[in-house]
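Please look over the sequence and the structure below. The report that follows goes through them topic by topic.

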Amino acid sequence: MVAIITSTPSIVLQPFANEIRWQHCIAQVSIKTSNKRSKVGANTADLDSVDNKSILIVEDDAMNVQLVQALLSGEGYDLRFAFNADEALNALAYFKPGLILMDIQLPGKSGLELTRQLRTNPELNGASIVALSGYSRKGDEEICMSAGCNGYIGKPIDTSTFRAAVRSFIDKAHCSAPYGSSDVRDLLRDIRNNFIAESSRELDEFLSEDFDRDRLLRVLHRWAGIAGTLGMPGVTDQARKTELFIESTEKIDVAVVREALKDLKRQIAAAASAPAFEAALPSEIVKRLSGKRIGLAGFSQPEAHRIAKVLDCAECFTLCIETPPEGLSTAMVQRFDIVILNLGSSTGFICQRHTSQRLRKPILFVGSRASISNKVVSIETPARDFLTTPWDSEELLVRCCKLLSPDLRNIDPAERQGPAQVVIADDDPAIGALLTAMLHRTGAECHLARNGTETLAMVREILPDALILDVNMAGMDGFEVLTNLRADGRTAGIPVVLLTARQQEADLLKGFSCGASDYITKPFDPVELAARVGRYLPRKKA
């Protein structure tokens, strides 16, 4: 089968299976050329010349297919795709592209073998063949060139240079895309590229059908969170604004929401063309985690590989261990600095239930909010923390750093006759109102402070059960407030939960060193917020 794709978006269902993913990858089969010729109706004259505006992408990864389509749509190219060498040869029997983007690791006949075969065909002498490869060794480019390739583009695809690289080969001003310089950059770029492809596909679905309000809200909330992590603040802002607008009305204004989604699509397209996301891992994270031994329990092989790849960036050592139904024992975990336990698996969930709270080993539980019980988040077990799915790499690293903090103190659960008292310190009135509404559902009574000076006075007067503290307040910032509170014997023991934006990992580590108990990132999930703050709130007297 040959996939023929124009700028009309395709719908790809996940998870992908090699045998079926191409059957679902193509939503429309049509060709857009200057004379509207079709595959069947192509004449001999059409086949004799190379069409410089036509591109054949030989690629077996459906996610890369979506990404290439998203990046090149609107550029005026006639895009066609083939899953393997046989499909590519069938396509080239009637189609003479100006450029062939060739995946090297094809199933069956490799991309290099196919390239050598194509170079024996004089009809394709005018076509440029560019290798696509996940390897980044200099020798690989030389191998590709010797097989007959005109250039080389490394994977993960750098979205900021890809269009220009394609254009240069179409114009015969050949240049290869730059090599990646580190595993961290490749990891983040790969996640970023997947987000661009998936969000573009989902947006096209929303714009082509009636809205499912609940599904749209879930997707917008997820985008608002992950886009900020991936260096797309414009996408985060637009997704959040659209989410808040839909939540504010019982009946969707379809016309307004469609325009908002179109703006969001433009933001994602702009982000795809922006300079590559180059987030250096904070040195504080590497310093704290370097050389640490991490045990992974209850994860599938792909999940464990993803976690290990993230931790490898911080120079950690990882090893998969068993999840016995009788729970983790001291003998099993004594060689590790942290154990990460998957509550999403049946074996991990049973193992957690029978693991003693007295086990003196930091444990990070990973799972959905529904799988994480109150027992897991209890402050009676300070060397326990949780990470809700879907998680991002930065939060995984920060949660591990938090578990290694020397300030993990046992806090005896307090008892109170009346409602729990919480001070919220944030200079944004909207954030304060939102947090108050969320915590009100837990029965807590909230008090708002707008700056550092007001926060110190309010905390010393009320002596609350917990303080939610914005790091970036004007004037006296959150760190100075925290330092003052910890230096005061009356307030030193009050749990402080930092409120911060994503991509501020260094600030969080600084907060932990100043005595912070936990943190929440904006935009925050209401359920997780209640769980993280709720673990510090007192129990009501019987």
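## The aromatic pair

This predicted model holds one aromatic pair. Rings of Phe, Tyr and Trp (its six-membered ring) pair if their centres lie within 6.5 Å; planes under 30 degrees apart count as stacked, over 60 as edge-to-face and the rest as tilted. A pair of aromatic rings is described by the distance of the centres and the angle of the planes. Here the partners are F512 and Y519, 6.0 Å centre to centre. Their planes make 55°, so the pair is tilted.

Are these two residues buried or exposed? Buried means under 20% relative accessible area, exposed over 50%, and partly exposed in between (1.4 Å probe, protein chains only). F512 has 2% relative accessibility and counts as buried. Y519 has 1% and is buried too.

## Reading the model

This is a predicted model: local features need pLDDT of at least 70, side-chain atom pairs count only at pLDDT 80 or more, and totals for chains, interfaces and linings use all residues. Residues are numbered from 1 along each chain as its sequence is written, and side-chain values use heavy atoms, with hydrogens and water left out.

The term pLDDT is the predictor's confidence in each residue, from 0 to 100. Its mean over the protein is 77. A value of 70 or more is reached by 76% of the residues. Contact means heavy atoms within 4.5 Å. Where pLDDT is low, the predicted coordinates should not be read in detail.

## The whole protein

The protein has 21 helices and 18 strands. Helices (H or I, at least four residues) and strands (E, at least two) are DSSP runs, numbered from the N terminus. Of the 542 residues, 52% are buried. Take the contacts with a separation of 6 or more: 69% of them join residues 24 or more positions apart.

The accessible surface is about 24100 Å². Carbon and sulfur atoms account for 51% of that surface. Accessible areas come from the Shrake-Rupley method with a 1.4 Å probe; for residues, only the protein chains shown count as cover.

## A parallel sheet

Five strands form an open sheet in the order β14-β13-β15-β16-β17. The pairing is parallel. Two strands pair if DSSP finds at least two bridges between them. From one strand to the next, the twist averages 20°.

Strands β15 (residues 466-470) and β16 (residues 496-501) run parallel and are joined by four bridges. I468 has V497 in β16 as its bridge partner. D470 also lies in β15. At 4% relative accessibility, D470 is buried. Leaving out residues up to four places away in sequence, D470 touches A425, D426, D427, G478, L499 and K522.

## Helices on and around the sheet

Helix α17 (residues 429-440) packs on the sheet, touching β13 (421-425), β14, β15 and β16. Its direction makes about 160° with that of β13. Axes are lines fitted to C-alpha atoms, for helices over the stretch in contact, and angles run from 0 to 180 degrees between N-to-C directions. A437 lies in α17. With 40% relative accessibility, A437 counts as partly exposed.

Helix α21 (residues 526-534) packs on the sheet as well, touching β15 and β17. Its direction makes about 160° with that of β17. Which residues of α21 are buried? They are E528, L529, A531, R532 and V533. Their cover includes β11 (384-388), α16 (393-403), α17, β15 and β17. In α16, 11 of the 11 residues are buried.

## Two positive phi angles

Most residues other than glycine have a negative phi, and most peptide bonds are trans. E315 is not a glycine, yet its phi is positive, about 65°. E315 sits in the loop between α13 (301-313) and β8 (317-321). At 46% relative accessibility, E315 is partly exposed.

L463 is not a glycine either, and its phi is about 50°. L463 is in the loop between α18 (452-462) and β15. Its relative accessible area is 33%, so L463 is partly exposed.
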